[in-house]
Amino acid sequence: MIPTPHIEVKEQGVIASTVLMPGDPLRAKFIAENYLEDAVQFNQVRGMYGYTGTWKGKRVSVMGSGMGMPSIGIYSYELFAFYQVENIIRVGSCGAYAPELKLYDVLLATEAWSESTYAKVQGGVEGQVLPASEALNKKLVQAAEGLGIPLRTGRIHSSDVFYRQDHEAFKDIRDKEGCIAVEMESFALFANARILGKKASCILTVSDSLATREATTSGERQRSFTKMMDVALQGAVL
Ligand SMILES: O=P(O)(O)O[C@H]1O[C@H](CO)[C@@H](O)[C@H]1O
Ligand SMILES: O=c1cc[nH]c(=O)[nH]1
């Protein structure tokens, strides 16, 4: 069933088997323009830019997911189910829950905890914790080691809410659920991967800290998370 409602590609093979997915479509454009060789844009429906190019001679795609689980739920489902994509590596920003995490630290999610009903509604998957792909994570760890980029690992919180009225609620999620940071997509991405027999991982850069209240700017979030991109691209071609 291609093209799909949200991706305008009409032929198989245009999208590579591994796709990097930032939430921000302009971060996808940045990666395509600054990292990939011979990048060709394949999607602009709803401004959700997608590109395929090469990295170290191997084909890789990069496409925005939008913000939140419903949005990445749609795009990752279409990529996995209809475009023969095998691996999605989310490259996102996150808010630190653990006080020892600093701005620009790079994290690899081992699993995502969420209050979301996405996995249950989508495919009857019970439980509040879903794992990242172990195989893909191994490659990302190997890539980070090869590049000398320190990688923190741990459970992350996939939240439906960016602006919680209770600013201190994160402490309970950190202390009771063991989440070191918060973002808004991985639980749905991992659910789709599990339901469809595909692989998904998530690398994050700390853009702000709920613990220390430090924050980066929107421009920095779009352009400066280069260590994460190096690790994801290198992991994608191992
Ligand atoms: O920087 P991205 O990948 O969008 O990730 C994080 O940033 C957005 C919130 O600002 C949410 O999508 C959250 O998951
Ligand atoms: O979801 C997110 C992403 C970055 N920072 C946050 O506080 N929340």
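Modeller: From helix α4, the residues K139, L140, A143, A144, G146 and L147 meet α8. On the α8 side, the partners are D230, V231, Q234 and G235. Sorted by class, this contact holds five nonpolar, three polar and two charged residues. Bear in mind that the model is predicted.

Now the geometry of that pair. Two packed helices are described by the angle between their axes and the distance between the axes. Helix α4 spans residues 134–147, and helix α8 spans residues 226–237. Their axes come within 8 Å and cross at roughly 120 degrees. Angles of 65 to 115 degrees count as roughly perpendicular, and those over 145 as roughly antiparallel. The two helices, α4 and α8, are therefore oblique to each other. The crossing of α4 past α8 is right-handed.

Helix α2 covers residues 69–82, and its axis lies 8 Å from that of α6, at an angle of about 30 degrees. That angle makes α2 roughly parallel to α6. Here too the crossing, α2 past α6, is right-handed. From α2, the contact draws on M69, I72, G73, S76, Y77, F80 and A81. From α6 come F187, A188, L189, N192, A193 and L196. By class, the contact of α2 with α6 has ten nonpolar and three polar residues, with no charged ones. The contact of α4 with α8, by its own tally, includes two charged residues.

Stay with α6 for a moment. It runs over residues 186–196 and is mostly covered, with eight of its eleven residues buried. The buried residues are S186, F187, A188, L189, F190, A191, N192 and A193. Among the α6 residues that touch α2 are F187, A188, L189, N192 and A193. Just after α6 sits G197, with a positive phi of about 70 degrees.

Next, the ligands. Ligand 1 is surrounded by P22, G23, D24, M67, G92, S93, F162, E183, M184, E185 and R221. That shell divides into four nonpolar, three polar and four charged residues. Around ligand 2 are S93, C94, G95, F162, V182, E183, M184, S207 and D208. By class, the shell around ligand 2 has four nonpolar, three polar and two charged residues. Strands supply much of the listing for ligand 2: β5 (87–96), β9 (179–183) and β10 (199–209) each give at least two residues. The largest share, three residues, comes from β5.

Then the backbone. Most residues other than glycine have a negative phi, and most peptide bonds are trans. A cis peptide bond joins I2 and P3, with omega about 0 degrees. P3 sits in the segment before β1 (18–21). D38 has a phi near 50 degrees, a positive value in a residue other than glycine. This residue, D38, belongs to strand β2 (residues 37–43). D38 counts as exposed, because 9 C-beta neighbours lie inside 10 Å. K56 also shows a positive phi, about 50 degrees, and is not a glycine. The place of K56 is the loop between β3 (50–55) and β4 (58–63). K56 is exposed too, with 11 other C-beta atoms within 10 Å.

E33 lies in helix α1 (residues 25–34). E33 is exposed, because 11 other C-beta atoms lie within 10 Å. E33 and Y51 are 18 residues apart along the chain, and their C-alpha atoms are separated by 9.4 Å. E177 is found in helix α5 (residues 170–177). With 15 other C-beta atoms within 10 Å, E177 is partly exposed. E177 and A119 are 58 residues apart in sequence, and their C-alpha atoms are 18 Å apart in space.

Terms used: Residues numbered from 1 in each chain as written. Chains lettered and ligands numbered in written order. Predicted model: local features only at pLDDT ≥ 70, side-chain atom pairs only at ≥ 80, totals over all residues. Helix = DSSP H or I, 4+ residues; strand = E, 2+ residues; numbered from the N terminus. Buried ≥ 20, exposed ≤ 12 C-beta atoms within 10 Å, placed from the backbone. Axes fitted to C-alpha atoms, helices over the stretch in contact; angles between N-to-C directions. Parallel < 35°, antiparallel > 145°, perpendicular 65-115°, else oblique. Left-handed = near helix turned anticlockwise from the far one by under 90°. Contact = placed C-beta atoms within 7 Å. Nonpolar A, V, L, I, M, F, W, Y, C, P; charged D, E, K, R; others polar. Near = placed C-beta within 6 Å.
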